Amino acid sequence: MWSFLQTITKKLTLAIPLMMALGFAYGVSAETAWLKGMIIPFTFLMVYPMMVTLNIKKVFEGGDTKAQIITLGVNFLITPFLAWGLGLTFFADLPYMALGLLLAGLVPTSGMTISWTGFAKGNMAAAVKMTVIGLVAGSLATPFYVQGLMGAAIALDIGAVVSQIFFIVFLPMALGFVTQRLLVRKFGQEHFQQRIGPRFPVLSTIGVLGIVFVALALKARTIAASPELLVTILVPLLLLYGINFTISTVIGKWLLNRGDAIAMVYGSVMRNLSIALAIAMNAFGEQGADAALVVALAYIIQVQSAAWYVTFTPRLFGPPKAANTLS
């Protein structure tokens, strides 16, 4: 069972489109109202497991302050406004899809940040710190960005958004931390890191695929009536990730050493789409399905682009050994 789930986790580029197709097929042929009751269970299953392995202590370690400050600047002064501008341009008459694009640009970093930084031989310690800081800062800032940038275009209850973020992010974070401490106390730090901890993110995959299925099922008939909608969504997503990769790469090469630059790129381009998806589906009622559709498609772009960027990393930043001898 675990090996099967691990395989699915490694094949998200295939699993997510497949689940989207299944959700679409179900949505056009069956009643979907009952699926709304699955949103909260899938949300918890998506968010809680990844919180169990979150290393909050990394925030208090030093050594990469410059990279952290630059990453925060890109994440909160550039990317949200880029996503908002693209949303205004491509979804002028579809405000909740513009909201989905904004949400995809608001909550930075995920477990993918750490994984892809490792694959590209970057500074993984810096990536872990970026993940924790980005998750907390992004969750706190999201209601205010949504209110300030989208408040005039959508029906927004700021109190409801804050409440949902508490239940979606901070409550699972607290429960995850307690779970982690209890497991470390019982089995030891080494056993937890090597045997127990790696199993929790795999459980998150079930939640992600479940939410993607529900989001597509709920929007299936809308898509069937306007199939060109998918292309309309993919174009601004490609621009969002393409521009973000370009900006982060240029800044990283200009201001940081190789390891920190790679961590900064993945720390600013990778978004926590699980949190964005959970907020879209839980905080905005039925209209949230429009936003969730955008976020679900962002998964495909994010995973594919991250994988391709690894292959270009040696050309952009040089090989690891050469970079280390220079730094």
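Contact here means heavy atoms within 4.5 Å. Keep that cut-off in mind for the tour. This is a predicted model, where local features need pLDDT of at least 70, side-chain atom pairs count only at pLDDT 80 or more, and totals for chains, interfaces and linings use all residues. Residues are numbered from 1 along each chain as its sequence is written, and side-chain values use heavy atoms, with hydrogens and water left out.

**Stop 1: Leu99 and the core**

Select Leu99. Leaving aside residues up to four places away in sequence, Leu99 touches Val146, Met150, Ile154, Phe284 and Ala291. Now widen the view to the largest nonpolar core, which has 101 residues. Such a core is a set of buried Ala, Val, Leu, Ile, Met, Phe, Trp, Tyr and Cys residues joined through side-chain atoms within 4.5 Å. Buried means under 20% relative accessible area (1.4 Å probe, protein chains only). Leu99, Leu103, Val146, Ile233, Tyr266, Ile275 and Phe284 have the most contacts inside this core. Helix α14 gives the most to it, with 15 residues. Helices are DSSP runs (H or I, at least four residues), numbered from the N terminus. Then pick Tyr48, Val52, Leu183 and Val184, which are among the seven residues of a second, separate core.

**Stop 2: helix α11**

Select 228-255. These 28 residues form α11, which reaches 41 Å from first C-alpha to last. That is close to the expected 40 Å, where the expected span is 1.5 Å times one less than the number of residues. Its buried residues include Leu229, Ile233, Pro236, Tyr241 and Phe245. Show the covering elements next, among them α4 (65-90), α5 (95-104), α10 (199-225) and α14 (288-317).

**Stop 3: the largest pocket**

Centre on Thr53, Gly111, Met112, Ser115 and Pro201. Of the 45 lining residues, these are the closest to the centre of the largest pocket. A pocket is an open set of points on a 1 Å grid over the protein atoms alone, with protein on both sides within 12 Å along at least five of seven lines; lining residues have an atom within 4 Å of a point. Its volume is about 1,500 Å³, counted as the space filled by probe spheres set on the points. Helix α6 (residues 111-119) gives the most to the lining, with six residues.

**Stop 4: the second largest pocket**

Here the space is about 280 Å³. Select the lining, including Thr32, Lys36, Leu218, Met281 and Glu286. Helix α10 supplies the largest share, three residues.

Key
Helix = DSSP H or I, 4+ residues; strand = E, 2+ residues; numbered from the N terminus. Buried < 20%, exposed > 50% of the residue type's maximum accessible area, 1.4 Å probe, protein only. 1 Å grid on protein atoms, 1.4 Å probe; cavity = no way out; pocket = protein on both sides within 12 Å on 5 of 7 lines; lining within 4 Å.
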